Amino acid sequence: MLYCAANMAPSLERRVAIDAARAAGQLLYTELHRPRRVAYKGTPTNLVTEMDARAEELVVGRLLAAFPDDAILAEERGAQAGRSGRRWIIDPLDGTTNYAHGLPIFSVGIGLEQARSIVLGVVYDPTRDELFVAERGAGAWLNDARLTVSTTEQLEVSLLTTGFPYDISTNPDNNLTEYATFAKRARAVRRLGSALLDIAYVAAGRYEGFWELALSPWDVAAAGILVEEAGGRVTDLRGDPIDIDRPRIVATNGRIHDQMLAVLKEVRGQ
């Protein structure tokens, strides 16, 4: 049973996930400007550093020490079966390319899935010491402040954010047409390089909307619940519930959601 009301004590799951995210984030921050060992996962645009593995080992170790029967899905080690019916979905370093270049825009993400629903999400940005947390039914929080999405109602005055696939140069479905269209229809479009922070910033009201054509479970699991608990809306590109194992995502303040879906339908012909 998870924490589910603002006047109750935080759940053990919440406490352990926060501690693990903070510890991994501080490790990453401490090592940020030291020499890196960079390898490639298929293409020169899909990087992995030794810090991805170190941060992941720390997070997974703490989670399994507290919840040994839970399953794990982590970006670097992959899937590990469990017996509890619950699954932790972990991105130990979201924004690896930024990190490898010494650009301090990255995060740690930990999501807990139960009965095919994300019930807990933690995203930690160690550079700004910003901890985003949401539990199903208990709201979304940034440090000690409750989050709420923006009240902007029109796409034309909205600030959006997105990302691109690693195989952008060879994949025809590379988001460039969508990006160009939204750049003309919205106030502006940003690209930070960390999907977890992009989505968390929608929950915080810093952006009105985020979309991306194809992500991995760990890019979304910890952050989508933030938007929902902050009063926003999260769907796939057609407005249906997202498939957490193959996420194609639109996350917004809710007020511009249908406008974004309409643009995507126009551009993609779906």
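Modeller: The charged end of R206 sits over the ring of Y201, 4.6 Å from the ring centre. The rule asks for NZ of Lys or CZ of Arg within 6 Å of the ring centre and within 35 degrees of the ring normal. R86 and F67 also meet the rule, with the charged end of R86 5.3 Å from the centre of the F67 ring.

This is a predicted model: local features need pLDDT of at least 70, side-chain atom pairs count only at pLDDT 80 or more, and totals for chains, interfaces and linings use all residues. Side-chain values use heavy atoms, with hydrogens and water left out, and residues are numbered from 1 along each chain as its sequence is written.

Next, the aromatic pairs. Rings of Phe, Tyr and Trp (its six-membered ring) pair if their centres lie within 6.5 Å; planes under 30 degrees apart are stacked, over 60 edge-to-face, and the rest tilted. The count is six aromatic pairs. One of them is F164 with Y179, edge-to-face at 5.6 Å centre to centre and 65° between the planes. This pair links distant parts of the chain, 15 residues apart: F164 is in the loop between β11 (159-162) and α4 (176-185), while Y179 is in helix α4. Helices (H or I, at least four residues) and strands (E, at least two) are DSSP runs, numbered from the N terminus. F164 is buried at 15% relative accessible area, whereas Y179 is partly exposed at 29%. Buried means under 20%, exposed over 50%, and partly exposed in between (1.4 Å probe, protein chains only).

Now the helices. Helix α5 covers residues 195-203 and lies across β11, β13 (209-212) and β15 (249-252), running at about 150° to β13. Axes are lines fitted to C-alpha atoms, for helices over the stretch in contact, and angles run from 0 to 180 degrees between N-to-C directions. Contact here means heavy atoms within 4.5 Å. Helix α6 (residues 217-229) packs against α5 at about 5°, with the axes 8 Å apart. The two helices are therefore roughly parallel to each other, the class for angles under 35 degrees; over 145 is roughly antiparallel, 65 to 115 roughly perpendicular, and the rest oblique. Residues of α5 that meet α6 include L196, I199 and V202; on the α6 side they include W218, V220 and L226.

Then the sheet. Five strands form an open sheet in the order β12-β11-β13-β15-β14, with mixed pairing. Its edge strands, β12 (188-190) and β14 (233-235), each pair on one side only. Two strands pair if DSSP finds at least two bridges between them. β11 and β12 are joined by three bridges in the parallel sense, and T161 has R190 in β12 as its bridge partner.

Last, strand β7. Eight of the nine residues of β7 (residues 117-125) are buried, so the strand is largely enclosed by the rest of the structure. Seven bridges tie β7 to the antiparallel strand β6 (residues 107-114). On the β8 (residues 130-135) side, six bridges hold an antiparallel pairing. G121 faces G111, and G121 also stands opposite A134 in β8.
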